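Let us follow the charged side chains through a protein model. Where do they pair up, and which parts of the chain do those pairs connect?

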Amino acid sequence: MAINLNFKSADVKASLQDPAKLHYIPATIRGDGPAKVEQYFESYTEELEDKTLVNALRGFPLRGKRFTLPPAYSGVMFQETKKPLSADEERTMTFAGAFKEFTYWNYDKIPSKNDAFEKALDWMELSDVLHEPLEERDEAKSDGK
C-alpha cells in the first residue's frame, strides 16, 4: 500500500499567511466537515494564571495548553476524501492547511512533559542540536573557547 501526499510548497506558504486554528482533543468525532469551533468551543475556553486552558466537551472536563512549533518547522494537515475499499489499496491525501501553533487538550489533567506531543516538540529541538554541523563546535574548541 502506498500513501500519496498531494501538496505544493507554495500552498503551505500561502496557508501560513492565515494559519488554521488547530485543536488536538482526545475524542473521536464522526465528521470531517466544517464546524463552528470558535462559536461553540473556543468562546467557552478559559485561560488560568499558569497559562493552562480549561474547557469541556460533551460534559467531560478538558485541560489544555497552547504549543508553538520551533521557528524552522511548520505543521501540515492532510485530508483523505476517498476512503479505500481495502487496506492494500493506494491512498491519496490532499493538503488541507498549515499551522505554526496548536492547542493540545487532555481529559481533566494538565498537559505535562510526559505527554506525547510535548515529548515530540522536545525531540525536534534535540534533533536540531544533534544534527548541527560539528565544524562550528570544533572551531570554538581550537580557539580556546
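This model is predicted. It holds 10 salt bridges, counting a side-chain nitrogen of Lys or Arg within 4 Å of a carboxyl oxygen of Asp or Glu. Side chains of opposite charge can pair when their charged atoms come close.

Start with Lys21 and Glu42. Their side chains form a salt bridge, with N and O 3.4 Å apart. Lys21 sits in the loop between helix 1 (9–17) and strand 2 (23–24). Glu42 sits in the loop between helix 2 (37–40) and strand 3 (46–47). The two parts are 21 residues apart in sequence, so this pair ties them together. Is Lys21 buried or exposed? Lys21 is exposed, because its relative accessible area is 60% and the cut-off for exposed is over 50%.

Now move to Arg66 and Glu47. They form a salt bridge too, and their closest N and O atoms are 3.4 Å apart. Arg66 belongs to strand 5 (residues 60–68), while Glu47 belongs to strand 3. These parts are 19 residues apart in sequence, so the pair ties them together. How accessible are the two partners? Arg66 is partly exposed, at 48% relative accessibility. Glu47 is also partly exposed, with a relative accessible area of 43%.

Last, find Asp122 and Lys113. Their side chains meet in a salt bridge of 3.4 Å, N to O. Asp122 is partly exposed, at 32% relative accessibility. Which residues join this pair in a network? Lys65 and Glu118 do: salt bridges with shared partners link Lys65, Lys113, Glu118 and Asp122 into one network.

Key:
Residues numbered from 1 in each chain as written. Predicted model: local features only at pLDDT ≥ 70, side-chain atom pairs only at ≥ 80, totals over all residues. Heavy atoms only, no water. Helix = DSSP H or I, 4+ residues; strand = E, 2+ residues; numbered from the N terminus. Buried < 20%, exposed > 50% of the residue type's maximum accessible area, 1.4 Å probe, protein only.
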